[in-house]
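This briefing is intended to be read alongside the sequence and coordinates shown below. Topics are grouped so that each can be checked against the model in turn.

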Amino acid sequence: MIKKNKLIAFFTLIGLVTLLSACSSQTKPYDAKQKLGPQINYTITGIDAGAGIMASTQKALSTYHLEGQNWQLQTSSTAAMTSTLDKAIADKRPIVITGWQPHWMFTKYPIKFLKDPKNVFGQAEHINTIVRKGLKKDMPEAYTILDRFHWTPAEMSKVMLQVNDGVDPEKAAKDWIKANPKQVAKWTKGVKKVHGTKIKVTYVAWDSEIASTNVVAEVLRQQGYEPTIQAMEIQPMWASVATKAADAQVAAWLPKTSGLYYKDYQGKFEDLGPNLEGAKVGLAVPKYMTNVNSIDDLKTK
């Protein structure tokens, strides 16, 4: 047993040394005089594989002829990507990420979008509210609130920042509603209250959608509904509304990010239009990478 414990301790130590060595080798600050690719192993740090921005980024690698220069897209998650970004910026290391706005990272960190001269990521996006067929007849009050729900990127960012700072999403939503009674009144004016009617809203667990879904759920709750919110991957989210397994979602980034799913399920849902405008997706880097301003700049000179 003693020998076994010594072996465990030995391999644990080896593992820690390896890990620390790997970490130390990645702490070199960005060097504008050196090629960017080798500094980050030609890797773009992405999020969930099913996200539309990942498909657009993969297309960008091809369109900008970066695949032939060994560039690759790393799949992870939003939380993992922002954690990696946080550590890179703390050490002023180079990093290229899949970015979108509104998102709290653009408020918290000094980052910028890279120009997209070939327009792979498209122009500004909007986030739409999608509801199941028949919702207007079954729940007219909820339908009206969902139809009226509309806010700005700045308003959404306030909720996202609170959640990122550790505030429970439901509490952050309540705080925002309490601080913005006039805005909420526009959504609920003349809407009759109900008594315990159940409603289900699905969403993708992106920071922006966590914010919007919790705000909508809380407004519905204050109108007498019993909302259930459920996080899932983007394709199942669309399917849930299309098959009437869920009543609504307020997370449809269009026309690019969710464009494929919108087309696949068209005719099986009702589109209530934008609940937020001026959204944007693309590749982003820290602002201290002053000589990297376009996707073209990723190419090896």
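**Structural briefing**

Asn-70 counts as exposed, with a relative accessibility of 56%. The model in which this residue is placed is a predicted one. The protein chain contains 13 helices and nine strands, and 47% of its 301 residues count as buried.

**Backbone features**

- Asn-70 is not a glycine, yet its phi is positive, at about 75 degrees. Asn-70 lies in the loop between helix 3 (52-63) and strand 2 (72-74).
- Tyr-42, likewise a residue other than glycine, has a positive phi near 55 degrees. Tyr-42 is placed in the loop between helix 2 (36-39) and strand 1 (43-45).
- A cis peptide bond joins Gln-101 to Pro-102, with omega near 20 degrees. Pro-102 belongs to the loop between strand 3 and helix 5 (105-108).
- The peptide bond from Leu-254 to Pro-255 is also cis, and its omega is near 10 degrees. Pro-255 is found in the loop that runs between strand 8 (248-254) and helix 13 (259-265).
- As background to these entries, most residues other than glycine have a negative phi, and most peptide bonds are trans.

**Overall dimensions and contacts**

- The C-alpha trace of the protein chain spans about 65 × 60 × 35 Å along its principal axes.
- The protein chain exposes about 15000 Å², of which carbon and sulfur atoms supply 54%.
- Among contacts between residues at least 6 apart in sequence, 81% join residues at least 24 apart.

**Nonpolar core**

- The largest nonpolar core has 90 residues. Leu-36, Met-105, Trp-151, Val-215, Trp-238 and Leu-298 are the residues with the most contacts inside this core.
- Strand 9 (residues 269-286) contributes the largest share of the core, namely eight residues.
- Leaving aside residues up to four places away in sequence, Val-215 touches Phe-149, Trp-151, Val-159, Ala-173, Trp-176, Ile-177 and Trp-187.
- In soluble globular proteins, nonpolar side chains tend to be buried together.

**Aromatic pairs**

- The whole structure holds 11 aromatic pairs.
- The ring centres of Trp-100 and Trp-206 are 6.3 Å apart and the ring planes stand at 45 degrees, so this pair is tilted. Trp-100 lies in strand 3 (residues 97-101), whereas Trp-206 lies in the loop between strand 6 (197-203) and helix 11 (207-222); the pair therefore ties together parts that are 106 residues apart in sequence.
- Trp-100 is buried, at a relative accessible area of 3%, and Trp-206 is buried at 5% relative accessibility.
- The rings of Trp-151 and Trp-176 form an edge-to-face pair, because their planes are at 85 degrees, with centres 5.2 Å apart. This pair links distant parts of the chain: Trp-151 is in the loop between helix 7 (140-148) and helix 8 (153-164), and Trp-176 is in helix 9 (residues 169-179), 25 residues apart.
- Trp-151 is buried at 1% relative accessibility, and Trp-176 is buried with a relative accessible area of 4%.
- A cluster linked by ring pairs comprises Phe-149, Trp-151, Trp-176 and Trp-187.

**Charged side chains**

- Seven salt bridges are present in the structure. In general, side chains of opposite charge can pair when their charged atoms come close.
- Within helix 11, Arg-221 and Glu-218 are three residues apart and thus separated by about one helical turn. These two residues form a salt bridge in which the closest N and O atoms are 2.5 Å apart. Arg-221 counts as partly exposed, at 31% relative accessibility, whereas Glu-218 counts as buried, at 4%.
- Asp-138 and Arg-132 meet through their side chains in a salt bridge with an N to O distance of 2.9 Å. Asp-138 is partly exposed, at 48% relative accessibility, while Arg-132 is buried, with a relative accessible area of 8%.
- A network of salt bridges links Arg-132, Asp-138 and Asp-247.
- Asp-91 and Arg-93 form a salt bridge whose closest N and O atoms are 3.6 Å apart. Asp-91 is partly exposed, at 32% relative accessibility, and Arg-93 is buried, with a relative accessible area of 15%.
- The charged end of Lys-118 is positioned over the ring of Tyr-64, 5.7 Å from the ring centre.

Definitions and conventions:
Residues are numbered from 1 along each chain as its sequence is written. This is a predicted model: local features need pLDDT of at least 70, side-chain atom pairs count only at pLDDT 80 or more; totals for chains, interfaces and linings use all residues. Side-chain values use heavy atoms; hydrogens and water are left out. A nonpolar core is a set of buried Ala, Val, Leu, Ile, Met, Phe, Trp, Tyr and Cys residues joined through side-chain atoms within 4.5 Å. Buried means under 20% relative accessible area, exposed over 50%, partly exposed in between (1.4 Å probe, protein chains only). Helices (H or I, at least four residues) and strands (E, at least two) are DSSP runs, numbered from the N terminus. Contact means heavy atoms within 4.5 Å. Rings of Phe, Tyr and Trp (its six-membered ring) pair if their centres lie within 6.5 Å; planes under 30 degrees apart count as stacked, over 60 as edge-to-face and the rest as tilted. A charge sits over a ring if NZ of Lys or CZ of Arg is within 6 Å of the ring centre and within 35 degrees of the ring normal. A salt bridge is a side-chain nitrogen of Lys or Arg within 4 Å of a carboxyl oxygen of Asp or Glu. Accessible areas come from the Shrake-Rupley method with a 1.4 Å probe; for residues, only the protein chains shown count as cover.
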